[in-house]
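Reader: Hi, I'm new to this one. Could you walk me through it once it's on screen?

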Amino acid sequence: MLQYFSADWIFPVNAPPIKNGVVVTKENGEVVNLLTENESKDLNVQKYKGAIVPGFINTHCHLELSHMLGQIPEKTGLVEFVKQVIKSRQSNEQQIKSAMEISDKQMFDNGIVAVGDISNQTISKEIKLKSEIYYHTFVEAMGFNPDRAEAIMHYSKEIKDGFSPLSASIVPHAPYSVSTGLFKLINAAVEENSFISIHNQETNDENAFFENKQGGFLDLYDFLGLDIEFFKPTAKSSLQSFLPYLNSLKTLLVHNTVSNKEDIDFAKKTNPDLYWCLCPNANLYIEDKLPDVDLLVNEKVKITFGTDSLASNHQLNILAEMKTLQAAKNINFEKLLSWATINGADFLGIEKDLGTIEIGKKPGLNLIQLSNNFEIESDKVTKLV
């Protein structure tokens, strides 16, 4: 039995929007046709007010931190935020699982169909196996002490294997938490056609640490009791210091709050397969600062969206991230939509099934509300399929 979904606008993403169009699907959500208003005039179609778009792709989330909703004050800056996460992330196992279940359902209800999720343990496996959302798990390797690189990698491989049969890969946490030796071990472990993510340039302190071994990260290492006498500053920004270690792997750079044109130029020359993930609500929550999105657009880099975690956000909702960025930066809606759908699907390697409303795909269909000028009026999503 076929289903017919019509709205004021259909946004296929890979093609121009269709006014008063109709999406025809099978009961399992597979798209079998896209019709114009004239082509569907003889059909008994229910018309929705709003716009129909594909399911959203969340390329950066920390499901494991869902129990930390509201626990960390806003606008503390990254160093204090990291310290608070370390202090507070341990909790009762059942409480953590219950919070993750709620977050998984929240993302599904908010029209998210796929997630790139950061994990440090296997506690989320059962939820991911049962979920209606597609998950790729980024097992985060973390350790700045070069003497610990082999042990950390061994542990990370055990976690990755523990997620089988789910899709997973081992990734570096951030340049300030991964030693050169650990970077090399991660590179050696990357499987063919795989991809990685890394937190990038969330704060000026990150650049200051690599440029001259100054700034707030010295306080973080002192808090961790880590002797960093071995570390020699590079006189380069954080991105320019670590990116060569990734050997042109398909890489998601997450946050990019203080990345500048010099960094972007360097990144383009160093790695042709980069994606730049924006988590605007988390950026405002932690640093009260947004990335230079106009610069990223002008440089024509590939952009995706993430929600980060409920430790740094009030909800897990990609449309809310789009709305925040459109209001702050006046970004064209269709551009935002491509970042929230096809670009994320391309990065996660699931573009054959998700990311656009095309015949043969099962992308999910979301109904959202737009103004006549295609401004996002609400972050509420009605999931049709």
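Reader: On the other side of helix 2, which residues are exposed?
Author: I102 and K105 are exposed there, where exposed means over 50% relative accessible area and buried under 20%, with a 1.4 Å probe and protein chains only. This is a predicted model, so local features need pLDDT of at least 70, side-chain atom pairs count only at pLDDT 80 or more, and totals for chains, interfaces and linings use all residues. Residues are numbered from 1 along each chain as its sequence is written, and side-chain values use heavy atoms, leaving out hydrogens and water.

Reader: And which residues of helix 2 are buried?
Author: Those are I96, A99, M100, S103, D104 and M107. Seen down the axis of helix 2, they fall within an arc of 140°, so they line one face of the helix; the arc is taken from the directions from the axis to the C-beta atoms.

Reader: Nice. What covers them?
Author: The cover includes strand 6 (56-61), strand 7 (112-119), helix 3 (125-130) and strand 8 (134-141). Helices (H or I, at least four residues) and strands (E, at least two) are DSSP runs, numbered from the N terminus.

Reader: What follows helix 2?
Author: G111 does, and its phi is positive, near 80°.

Reader: New topic: which residues have the most contacts inside the largest nonpolar core?
Author: F56, M322 and F333, in a core of 82 residues. A nonpolar core is a set of buried Ala, Val, Leu, Ile, Met, Phe, Trp, Tyr and Cys residues joined through side-chain atoms within 4.5 Å.

Reader: What does F333 touch?
Author: Its contacts (heavy atoms within 4.5 Å) include F11, V53 and I368, not counting residues up to four places away in sequence.
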